Structure formats: C-alpha cells, structure tokens
Amino acid sequence: MVANQYYDEVASKFARDIETGPRNEFRLQVMYPSVMQAIGDIRDQSALDLACGTGVYARFLRQRGAARVTGVDISAGMIDVAQSYESARPLGITYLVHDVAELPTLGAFDVAVAATLFNFADSRQMLKRMYERIRANLRPGGRLVALMQNAQFDPGATVIGQFGMHQRDHSPEDGSTVLVDLGDPPQTVTTWSWHSATHEQVAEQAGFTRLQWHPHISVAEPEHPDYAAFKKYLDNPHMVILSAEAA
Ligand SMILES: C[S@@+](CC[C@H](N)C(=O)[O-])C[C@H]1O[C@@H](n2cnc3c(N)ncnc32)[C@H](O)[C@@H]1O
C-alpha cells in the first residue's frame, strides 16, 4: 500500500500503536533519544518536522526550546491526529499537508528533522527531489537530521519483532523495497531502502555538506526488562541516522 493511503487509513491506530506497548517502549528507550541526540541543542531555533506523522518530534522540538516548529506530512489523516494533540495541548506548532518531494519554500529553517521520510522515496529521482526541497527550506548552515532504513540491516538477527515491527523482503540491492508489517493486527506498508553511499551522493548533489552518520543509543537502565534486547538492537539497527549541513 502506498504511504499516504496507508497512513490515512491507520492514522489513529498508528498513534495508539506508538504510544502504548512494546513499540512505544522501543521508541522511548532507543529511537527518540538517538534522534534527539543527533539533533542536539535546539533552543531558540526554527525547525521543520518532515513526515511528522502524529507530530512526535515536532512536540519534542518545542518542548526542548525550539522557537518555531512546523510539521509537514503527506497524509491528511496523520496531520489531523497531530492537530488534535495541538488543539488539546497547544504548543504553537503549525501542521501542513504536503508531499516533501514537492514542498514549497516555507522558510529558511535552522533544522529539519526527517524521521522515516526517505523510506518512502521509490526512486533515486524522488530521493534527490526530497533532499533538494529540504535544502531549499534550510538557511545556509542549517542542519538536516534524518532517520531511515539501514540497507545493511540483517533481518535474520534482529530483536525488532519483539517490539511489534517486522520487515520482509530485505534485499541488499540499492533502492530495494522492504515490506514492513506494523501494528496489531499487522498491516503491511511498502518502504524503500537506499544504500548509505546513495544518500551521501544525493545529499551532496542537493547542496548538503558535512555528512555524518550517528550511532543509535539506548537509555534503558539495566533493570529494564528489555535492557539486553535494546543493547542487541544497537549491533544491528533497522534504521540509521544521518545529519548534514546545508552548504
Ligand atoms: C512511520 S511514519 C513516521 C511519523 C513520525 N516521523 C514518527 O517517527 O513518528 C511515516 C510518515 O511519513 C509520511 N510520508 C510518507 N511519504 C511522505 C512524503 N512524500 N511527504 C511527506 N510525508 C510523507 C507518512 O504519511 C507517515 O506519516
């Protein structure tokens, strides 16, 4: 199923899935701290949360002192959910429906976060277009932090199943599809996996420099029941984190 159709259908279920149970625990102990560490100090900065979904990172950014945050997603259903959080507990975040590959220039932001956006680039051309539109929305020296499929991921040696995520059809080819089964009952969404060398080339062509890959971290205490699984995840993460600076 294509991204906007899938996410429109599952929007409120997605919010529930990532906010409760094992997937939430994985996000809290590993994914969010890893991405937020790569973002670093965000105080007084303007930020874009691209493929914002229900607005998880947008809210983190505001809560950690970002001056202005805009969330963008292709799925109107996901933006509705994000907006409902904003209405219930206003943080001053603006949410917009856009395809990032066609994103107009909304401003010259200090930071852009793209958590699982590039997973939905179904061609190298689309991947490049996404990087270009992000570059056009950053000031020179502004930073992009992106989380995406790890092309080197070994699905045979992973712990992600116990956190409610299953990946199928992983092939080592650049730009290959990865089928991801999510939620309970599971539904399949198609994503794409691009080699890190491809991300580096395309990002540089789109006007990024100072590319850096960041390791995942786990903040779980040794007493946490999943402590060992989180540690194991760090050896074979299904996602990788890239930061880059707008030239
Ligand atoms: C797995 S969700 C991640 C949401 C959020 N970033 C998070 O980590 O919780 C992926 C999101 O990417 C969005 N998406 C997919 N393709 C997109 C595109 N071309 N432009 C903008 N958003 C897109 C989907 O609608 C969905 O909300």
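**A quick tour of the fold and the ligand shell**

Buried residues account for 44% of the 247 residues in the protein chain; a residue is buried if 20 or more other C-beta atoms, placed from the backbone, lie within 10 Å of its own. Please keep in mind that this is a predicted model: local features need pLDDT of at least 70, side-chain atom pairs count only at pLDDT 80 or more, and totals for chains, interfaces and linings use all residues. Residues are numbered from 1 along each chain as its sequence is written.

**Overall build**

- The protein chain has seven helices and 10 strands, which are DSSP runs numbered from the N terminus (helices: H or I, at least four residues; strands: E, at least two).
- Along the principal axes, the C-alpha atoms of the protein chain fill a box of roughly 40 × 40 × 35 Å.
- Of the contacts between residues at least 6 apart in sequence, 72% join residues at least 24 apart; a contact here has the two C-beta atoms, placed from the backbone, within 7 Å.

**Around the ligand**

- The shell around the ligand has 20 residues, and Ala3, Ala51, Gly53, Ser75 and Phe120 come nearest; a residue is near if its C-beta atom, placed from the backbone, lies within 6 Å.
- Helix H1 (3–19) and helix H3 (56–63) are the elements that give two or more residues to this shell, and H1 supplies the largest share, with four residues.
- By type, the shell holds 14 nonpolar, four polar and two charged residues; Ala, Val, Leu, Ile, Met, Phe, Trp, Tyr, Cys and Pro count as nonpolar, Asp, Glu, Lys and Arg as charged, and the others, Gly among them, as polar.

**Parallel strands around S4**

- In strand S4 (residues 109–115), seven of its seven residues are buried.
- S4 runs parallel to strand S1 (residues 46–50), joined by four bridges, and aspartate 49 has valine 113 in S4 as its bridge partner.
- S4 also runs parallel to strand S5 (residues 138–149), through six bridges, with alanine 114 opposite alanine 146 in S5.

**The antiparallel sheet**

- An open sheet of three strands runs in the order S6-S7-S8 with antiparallel pairing; strands pair if DSSP finds at least two bridges between them.
- Strand S6 (165–168) and strand S8 (187–193) are the edge strands, each pairing on one side only.
- Strand S7 (residues 176–182) pairs with S8 over seven bridges, and valine 180 stands opposite valine 189 in S8.

Definitions and conventions. A residue is buried if 20 or more other C-beta atoms lie within 10 Å of its own, exposed if 12 or fewer, and partly exposed in between; C-beta atoms are placed from the backbone.
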